[in-house]
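Please look at the sequence and the structure shown here before reading on.

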Amino acid sequence: MKAVYQLTRPALLWQLLMVVAVLLPHSLRLPWWLPLMTFGALGWRLWVHLGRTSFPHWSVKFMMAVTAGIGVIMSIGRGNGPELAVALLFAGFSLKLLEIYKRRDALVLIYVAYFLAATELLFGQSLLHALYIALVLVLITAALNSVYQSERHPDFWRPLRASVRLLLPALPLMVVLFVLVPRIGPIWYAPLAQEEARTGLSDTLSPGDVSRLTGSSDVAFRVQFDNGRPPPASSRYWRGLTYDRFDGRRWEAEADRSPFESPRSDSGTLLRYNMTQEPSGQPWVYALDYPVAAPWPLRMQANQTLRAPAKIRQRMDFALASRLSSDSFQALTATQRARYLALPEGGNERTRALALSWRAQDDSTEALVARALALYARAFRYTLTPQRLGDDSIDDFLFDTQEGFCGHFASSLTFLLRAAGVPTRIVGGYLGGEWNPYESYLVVRQFEAHAWTEVWHQGRGWVRVDPTAAVAPERIEQSAEQLLSSQPEFLSDTLLSPVRFGHIGWINTLRMRADALNFVWHRWVLSYQLRQNDLLQKLLGEVTLWKLALGLLIPFSLVLGWVALGLLRQRRPKTKDPVDAALLRLIARFESRGLGRKPGEPVGRYAQRIALERPDLAPIIGTVARLYEQLRYAEGGEPQLHRAYLAAVRACVRQL
Amino acid sequence: MTERWSRRLGARARRWALGRHAPARSLTLTQKRIFIFPTRAGLWFLFAALVILLLGINYENNLVYAVSFVLLSLFVVSILHTYSNLAGLTITALAAKPCLVGESAEFELLLRAGRRRNYEALQLCWVDQAPVSCDLIDDSERRVRLYAQAVERGWWRPGALLIETFYPLGLLRAWTWLETDLQALAYPRPLEGGLLPPGQGNGERGSAVSGRGSEDFAGLETYQQGMSPRHIAWKQLAAGQGLHAKQFVDHADDQLWLDWSFWPELDTEQRLSRLCYWTLKLARQRVQYGLRLPGVEIPPGRGGRHRHQVLRALALHGRASR
């Protein structure tokens with residue numbers, strides 16, 4: 001025979017609480033009317049519970065479901081698979097609220113809630129997100145428990161305690177599963193739409209426009225070196241792309257399809273490191289100057305930069321290797337030569353004239369570079385807020401304003417040298433990085449974006465020339481932060497960024513620790529699949545199936561044994577009531593003499609039985625029983641009665 | 001179809017489980033007796049965990065993996081919790097009250113917690129009877145009354161007792177079958193009709209005999225609501241002895257016999273039923289009555305004990321006494 005369970009009041013409240021907790025983070029991403037509908041349904045259900053109204057008729061529910069479904073499809077569009085699915089589930093979930101009445105309805109709601117909580121993690125994976133979802137799981141489990149709790153003792157808080165008691169031991173089990181269960185690749189391709197417009201270098205460089213990157217303290221990437229030490233500050237040039245073509249105002253990156261030829265000799269020590277790049281919305285991958293090889297799926301381009309097959313839309317990890325010294329002599333093909341000498345037809349005449357006059361005096365590359373750097377060092381000023389440049393931007397910069405930042409220096413030097421007949425290119429990337437001692441990695445931020453030049457030397461290949469160093473050598477030797485912090489433009493986008501307060505000791509420590517935590521979170525949790533093999537080999541040696549099974553079994557049995565012990569081995573009851581406690585003590589004494597109380601035997605009858613067996617005890621046990629019953633059934637325990645009873649019990653024990 | 005199969009399978013499992021242990025008055029649940037298996041809701045829960053795992057695999061999202069693993073671990077941990085919600089519980093059969101065939105007999109059981117343990121949302125029921133839920137929360141023992149319908153007169157056992165629990169998450173069902181040695185006595189189903197044959201003792205007054213009369217003072221009884229205020233014992237009330245009513249009886253030297261041979265047109269069971277009907281009726285009227293059955297003779301008497309004796313003789317007519 002099956003009984004139909006109706007939800008108790010605490011169970012209903014837990015359902016509603018769970019729904020709010022699950023939907024809260026999703027609701028920020030969904031069309032505005034969906035959360036509104038949820039709260040409407042929630043209110044309606046509460047109203048029903050209070051007896052003010054009734055459940056809606058099925059036709060009303062049907063209409064609402066159809067309307068919500070069409071509304072979701074119209075406002076999200078069918079292109080975004082996961083978002084659409086989540087929104088539809090969300091709508092159904094809200095409407096189901098109007099149906100929960102019996103246990104079965106609640107179970108549907110709860111299971112879908114588990115699923116919705118998991119989908120939230122597709123859209124955000126920060127530590128805070130994870131903690132919030134953990135809290136949501138506790139609430140959902142409490143809701144599930146509340147459905148099964150005793151109808152005779154409905155209680156609001158007990159399900160929460162039960163939930164925590166169940167989930168605490170589940171946590172270590174989860175960790176074991178997380179570490180050991182092998183990760184496999186996606187079964188079918190399911191892209192997630194991500195928002196565009198990330199900060200980072202773009203594929204054009206226009207010195208005339210003020211760089212926006214210096215305003216941001218967002219992390220560009222983090223690097224962990226295999227030897228645990230960062231390279232010296234002066235060689236922390238992170239290469240991303242080269243700007244090759246100039247149209248008079250803007251430099252553009254242009255793909256060079258010809259392959260990169262590896263250097264002939266392997267001189268200099270190889271530096272291996274792990275690059276964790278933040279989503280940039282661009283395909284290039286930053287590498288320490290000079291990368292030696294491209295791991296799959298990256299590709300090394302002819303200009304010695306790394307390129308991913310697609311735009312980087314989520315945090316990615318790459319294992320890279322670089323050499324600090326350049327030995328990449330490579331012959332320049334005719335097309336390449338033409339490319340690195342190309343200038344627009346006209347414009348910037350004064351610069352061209354200057355270049356030609358220099359070349360007339362000494363046409364060696366070294367001499368030309370030296371003259372240019374001397375010019376910068378003599379008269380130029382480094383600033384993040386230069387004056388705007390006119391149409392002939394290079395001329396204006398070199399002869400009039402004479403102030404600017406890396407982009408201005410690199411582009412003017414490149415123009416000068418090309419005009420003098422030396423193949424030159426601008427390299428875009430980052431310079432610097434902050435060492436985090438807590439987790440031993442280097443973090444490079446957007447404001448460390450940098451541009452420098454590479455000059456082709458006959459017989460030596462490409463040589464880095466950083467004109468900014470000639471003007472502001474401290475930009476290379478110190479951190480960008482130290483140099484730039486006096487500039488008004490610096491970190492203007494992030495007024496409250498902790499980086500701004502880096503000079504205050506404890507804030508700096510806190511900031512470093514937080515970043516370290518974030519980094520560890522990413523390395524060991526979010527991209528665990530990349531590290532699982534290494535870790536398992538370190539833990540288990542050679543990974544075999546039965547070792548995995550054993551690794552799963554041993555921790556499981558330990559945790560479960562601990563839970564079982566906690567559940568089954570509990571102390572004897574401590575009866576709180578002194579009257580009962582005294583009686584239990586007395587009964588225990590009699591029990592040891594073979595005069596135990598039969599199950600369910602009233603105290604009075606028990607006393608009579610004892611009186612028959614032990615006539616000597618008859619008067620005192622009779623008194624105990626009488627006083628006990630008086631205490632139990634009389635209104636309120638009178639203190640005298642209480643004392644008399646306890647005295648009688650003591651007397652009885654003595655007479656035994 | 002599946003319903004029938006599952007019923008048949010269930011009955012078979014029950015017989016097997018019960019065959020392993022002899023009936024007892026009191027027993028403690030241990031792992032030898034407790035069975036545990038996922039419920040349909042539990043299988044759906046595992047399905048949900050699997051779907052979440054697929055989500056994690058497909059989006060290579062390690063946090064979604066983690067959620068799936070949390071659910072799987074939760075399932076494993078809840079096995080222990082569900083099991084321990086039965087383990088250590090001691091069930092003692094206390095008493096069974098007699099009833100009429102067709103009515104429900106009341107059985108009283110005592111549940112006692114093994115140690116300091118809470119047992120929540122336990123369900124008890126006899127085979128194919130409605131379940132009774134109970135729990136032991138901050139309570140070391142509790143009496144439970146269960147009802148089962150009697151089908152046949154005589155001593156009968158209610159069948160196996162099922163104790164089950166889905167607590168805490170409903171993912172698993174832990175249950176046990178046990179055979180108690182409780183037996184209840186079922187009196188025959190009363191069969192209305194017939195008349196007591198005239199001519200015995202007080203034939204003229206027939207069934208109109210009234211035990212409560214107004215002629216002779218017979219004693220005092222505690223006053224209860226509905227008694228005539230004329231019978232209140234004022235003297236005793238004034239003496240501070242509480243409210244009593246004077247009891248009077250009509251002199252009934254008339255003693256009725258209920259005899260096996262009264263209704264020869266009825267078969268054995270119907271006769272017993274008819275006799276049962278009259279027993280109940282006469283007992284209500286507080287008449288002295290006796291019973292003659294082949295081989296049994298109970299002299300006339302009155303009161304609950306007498307009534308039980310008569311009904312018991314009817315119930316056990318032609319049956320083994322235990």
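A residue is called buried when its relative accessible area is under 20%, exposed when it is over 50%, and partly exposed in between, using a 1.4 Å probe and protein chains only. This is a predicted model, in which local features need pLDDT of at least 70 and side-chain atom pairs count only at pLDDT 80 or more, while totals for chains, interfaces and linings use all residues, and side-chain values use heavy atoms, with hydrogens and water left out. Residues are numbered from 1 along each chain as its sequence is written, and chains are lettered from A and ligands numbered from 1 in the order in which they are written.

**Where chain B meets chain A**

- Counting contact as heavy atoms within 4.5 Å, 60 residues of chain B touch 63 residues of chain A.
- The two chains bury about 5500 Å² between them, 68% of it on carbon and sulfur atoms; buried area here is the accessible area (1.4 Å probe) that two parts lose on being put together, summed over both.
- The count between chain B and chain A is one salt bridge, a term for a side-chain nitrogen of Lys or Arg within 4 Å of a carboxyl oxygen of Asp or Glu.
- That salt bridge is formed by Glu120(B) and Arg158(A), whose closest N and O atoms are 2.5 Å apart.
- On the side of chain B that touches chain A, the largest share, 19 residues, comes from α3(B), where helices (H or I, at least four residues) and strands (E, at least two) are DSSP runs numbered from the N terminus.
- The residues of this side of chain B divide into 37 nonpolar, 13 polar and ten charged, with Ala, Val, Leu, Ile, Met, Phe, Trp, Tyr, Cys and Pro counted as nonpolar, Asp, Glu, Lys and Arg as charged, and the others, Gly among them, as polar.

**Helix α4 of chain A**

- The 16 residues of helix α4 (residues 81–96) of chain A should span 22 Å at 1.5 Å a residue, and the end C-alpha atoms are 22 Å apart, which agrees; the expected span is 1.5 Å times one less than the number of residues.
- Several residues of α4(A) are buried, including Leu84(A), Val86(A), Phe90(A) and Phe93(A).
- The buried residues of α4(A) pack against α1 (9–27), α2 (33–49), α3 (58–76) and α5 (103–123) of chain A.

**Salt bridges within the chains**

- Over all chains, a search of the whole structure finds 28 salt bridges.
- One of them joins Glu366(A) and Arg460(A), with the closest N and O atoms 4.0 Å apart.
- Glu366(A) counts as partly exposed because its relative accessibility is 45%, and Arg460(A) is likewise partly exposed, at 47%.
- Glu434(A) forms a salt bridge with Arg511(A), the closest N and O atoms being 2.5 Å apart.
- Since Glu434(A) lies in strand β14 (residues 434–436) and Arg511(A) in helix α16 (residues 505–526) of chain A, the pair ties together parts that are 77 residues apart in sequence.
- Glu434(A) is buried, with a relative accessible area of 16%, and Arg511(A) is buried too, at 9%.
- In chain B, the side chains of Glu106(B) and Arg145(B) meet in a salt bridge (3.0 Å, N to O).
- This pair links strand β5 of chain B, which holds Glu106(B), with strand β8 of chain B, which holds Arg145(B), 39 residues apart.
- Glu106(B) is buried, at 16% relative accessible area, whereas Arg145(B) counts as partly exposed, at 43% relative accessibility.
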